[in-house]
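Below are my notes on the model you sent. They go point by point.

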Amino acid sequence: ASGKVVAAGLDAIEMEPLPADSILRKHDNVIVTAHIAASTMEAADTVDMVNAQTVVSVLENRTPVSVVNAEKFVG
């Protein structure tokens, strides 16, 4: 409303779905999607590749790259 932001594209917001009375709906320069930015063929391909690499890492007794708590991983 102040003009400090030229435009915004939002995919994940605090409250989903976006409430009907949200101030974000009042701005022509704001686009809000339904938390689906990762729902593309490219994203699915990337997830498939990471999953396959994870399986190979485990089978080769290596810690997968995507492990959050690698110190707990016993390969």
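In what order do the elements of the protein chain run from the N terminus on?

1. The order is β-β-α. That comes to 1 helix and 2 strands, where helices (H or I, at least four residues) and strands (E, at least two) are DSSP runs, numbered from the N terminus.

2. This is a predicted model, in which local features need pLDDT of at least 70, side-chain atom pairs count only at pLDDT 80 or more, and totals for chains, interfaces and linings use all residues. Residues are numbered from 1 along each chain as its sequence is written, and side-chain values use heavy atoms, with hydrogens and water left out.

3. The radius of gyration of the protein chain, taken over C-alpha atoms, is 20 Å, whereas a compact globule of 75 residues would have one near 11 Å. The globule rule is 2.2 Å times the number of residues to the power 0.38. The C-alpha trace spans about 55 × 30 × 25 Å along its principal axes.

4. Of the 75 residues in the protein chain, 11% are buried. Buried means under 20% relative accessible area, exposed over 50%, and partly exposed in between (1.4 Å probe, protein chains only).

5. Among contacts (heavy atoms within 4.5 Å) with a separation of 6 or more, 12% join residues 24 or more positions apart.

6. The structure holds 1 salt bridge, that is, a side-chain nitrogen of Lys or Arg within 4 Å of a carboxyl oxygen of Asp or Glu. Glu-60 and Arg-62 form it, with the closest N and O atoms 2.6 Å apart. Arg-62 is partly exposed, at a relative accessible area of 40%.
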